[in-house]
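Work through the exercises below with the structure open beside you. Try each task before reading its solution.

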Amino acid sequence: MAEWITSITNQHVRELSPYESARRLFSADENNSGQIWLNANEAPMSEDFSVNSALFNRYPDCQPQEVISSYARYAGISSGQVIATRGADEGIELIIRAFCEPGKSSVLICPPTYGMYAISAQTFNVGVHKAPLTDDFSLNLDAMGEYVDKVNVVFLCSPNNPTGTRIEAEQIVAVLNMFKDKALVVLDEAYIEFDADATQSALLSTYNNLVILRTLSKAHALAGIRCGFVLSNTQVCQTLMKVIAPYPVPAPVAQVAAQALNAEGIAVMYARVKTLQQGIDTIVKRLSQIDQLTLCGDTKANFVLFKTPYKNKLMAFLVSKGVIIRDQSKQHNLDNCLRITVGSEQENDILLSLIQGFFQEQAISSTKEPS
Ligand SMILES: *Cc1c(COP(=O)(O)O)cnc(C)c1O
């Protein structure tokens with residue numbers, strides 16, 4: 001690379017490497033369109049939507065009113081408490097940009113968890129403190145307490161990606177109290193439709209330091225349109241509106257989101273969640289019959305995490321058969337862990353048959369040639 005480009009690159013940016021998104025690791029070009037994608041927690045099916053291009057010559061509303069009011073109704077809060085963003089990832093970024101000072105402030109994360117909290121912080125030269133989850137993947141409140149007065153934002157995720165575990169309500173309330181008048185507590189509910197009773201949206205009226213993140217990418221099966229939501233009190237929302245792009249939600253995105261959030265769209269989504277949960281049950285049942293593999297965490301979301309000493313070999317085998325899952329073994333406390341997104345019934349069946357075949361093969365070869 002040209003030296004002058006490096007020399008004008010921000011110091012903290014020079015040290016970054018791009019996020020290894022599921023798509024960047026394995027891109028879905030025409031050469032591998034036959035593959036089965038169970039690596040990004042996407043939904044396995046898509047619905048039909050109609051798009052009206054009549055006003056595509058005009059800039060869209062900054063905040064599409066129909067989408068905002070539909071989401072507010074869906075979440076049981078008022079419109080002034082909702083911001084539509086380019087995916088929940090943009091919500092994370094807006095919070096860091098509005099509430100953290102580059103080179104000075106820090107955020108707190110609780111690994112193993114979603115990677116974008118730390119990455120977004122690092123791209124803005126904001127520090128990242130860590131209070132890892134305990135061995136049963138609950139919050140370590142004592143460890144978190146060390147960071148009161150040291151961070152502006154705390155990121156929690158429930159159900160947590162990639163452990164699939166729920167943070168109990170008492171723990172969330174304890175964190176809100178611990179950081180009261182000190183830091184925002186961002187509760188990422190990207191998978192909440194799979195654990196609907198556990199939403200903490202009712203706490204928004206009690207705690208003015210609570211921010212909730214939501215998305216249409218997971219249960220709503222719309223990862224491709226990039227649409228998410230930030231829910232908070234009006235003061236936090238108005239602050240975030242100062243740093244958001246002028247037109248963050250493209251007109252076709254708003255049209256599709258409005259359809260997904262009408263009564264029919266919501267009913268279709270809940271039916272999909274039910275089907276996917278049956279798929280999860282099947283995956284859990286069949287994986288638990290395999291000795292060389294241990295299920296990890298919980299299944300409150302749309303994926304299953306497991307551990308096996310054959311992790312690398314299994315990944316390579318599945319890739320060779322055109323099935324892509326996600327390696328989570330670099331995460332804190334997740335040595336040898338792989339994550340499977342629940343797919344369609346047929347996809348799950350192909351995956352499970354391959355995994356069962358793989359482990360039968362290992363058992364045979366290990367009795368034949370002990371090593
Ligand atoms: C997928 C995911 C997101 C990102 O959602 P987008 O709306 O697609 O940006 C945020 N948080 C968690 C925990 C996720 O798993």
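**Exercise 1.** Which kind of link joins the side chains of Arg214 and Glu189? Then decide where each residue sits and whether each is buried or exposed.

*Solution.* The model is predicted, so treat every distance as computed from that model.
- Step 1: The two side chains form a salt bridge, with N and O 2.9 Å apart.
- Step 2: Arg214 belongs to strand S7 (residues 210-215), while Glu189 is in the loop between S6 and S7. They are 25 residues apart, and the pair links distant parts of the chain.
- Step 3: Apply the cut-off for burial, under 20% relative accessible area. Arg214 has 4%, so Arg214 is buried. Glu189 has 1%, so Glu189 is buried too.

**Exercise 2.** Find the salt bridge partner of Lys182. Say which parts the pair ties together.

*Solution.* 
- Step 1: The partner is Asp149, and the closest N and O atoms are 3.1 Å apart.
- Step 2: Lys182 is in the loop between H8 and strand S6 (184-188). Asp149 is in the loop between helix H7 (141-145) and S5. The pair therefore ties together parts 33 residues apart in sequence.
- Step 3: Check accessibility. Lys182 is partly exposed at 43%. Asp149 reaches 59%, which makes Asp149 exposed.

**Exercise 3.** Take Lys300 and Asp298. What is the N to O distance in their salt bridge, and how many salt bridges does the structure hold?

*Solution.* 
- Step 1: The N to O distance is 3.9 Å. The cut-off is 4 Å, so the pair counts as a salt bridge.
- Step 2: Both residues are partly exposed: Lys300 has a relative accessible area of 24%, and Asp298 has 30%.
- Step 3: The structure holds 10 salt bridges.

**Exercise 4.** Locate Ser158. Is Ser158 buried or exposed, and what does its side chain meet?

*Solution.* 
- Step 1: Ser158 lies in the loop between strand S5 (153-157) and helix H8 (169-178).
- Step 2: Its relative accessibility is 6%, so Ser158 counts as buried.
- Step 3: A polar atom of the Ser158 side chain is 2.9 Å from the backbone nitrogen of Ile167.
- Step 4: Set aside neighbours within four places in sequence. Contacts of Ser158 then include Thr165, Arg166, Leu187 and Asp188. Glu189, from Exercise 1, is also one of them.

**Exercise 5.** Which residues of helix H10 (residues 251-260) are buried, and which helices are among those covering them?

*Solution.* 
- Step 1: The buried residues are Val253, Ala254, Val256, Ala257, Ala258 and Ala260.
- Step 2: Look at the spacing. An α-helix has 3.6 residues a turn, so residues three or four places apart point the same way.
- Step 3: The cover over the buried residues of H10 includes helix H4 (65-75) and H11.

Conventions:
Residues are numbered from 1 along each chain as its sequence is written. This is a predicted model: local features need pLDDT of at least 70, side-chain atom pairs count only at pLDDT 80 or more; totals for chains, interfaces and linings use all residues. Side-chain values use heavy atoms; hydrogens and water are left out. Helices (H or I, at least four residues) and strands (E, at least two) are DSSP runs, numbered from the N terminus. Buried means under 20% relative accessible area, exposed over 50%, partly exposed in between (1.4 Å probe, protein chains only). A polar contact is a pair of N or O atoms within 3.5 Å; within protein, one must be able to donate a hydrogen and the other to accept it, and residues adjacent in sequence count only if both atoms are side-chain atoms. Contact means heavy atoms within 4.5 Å.
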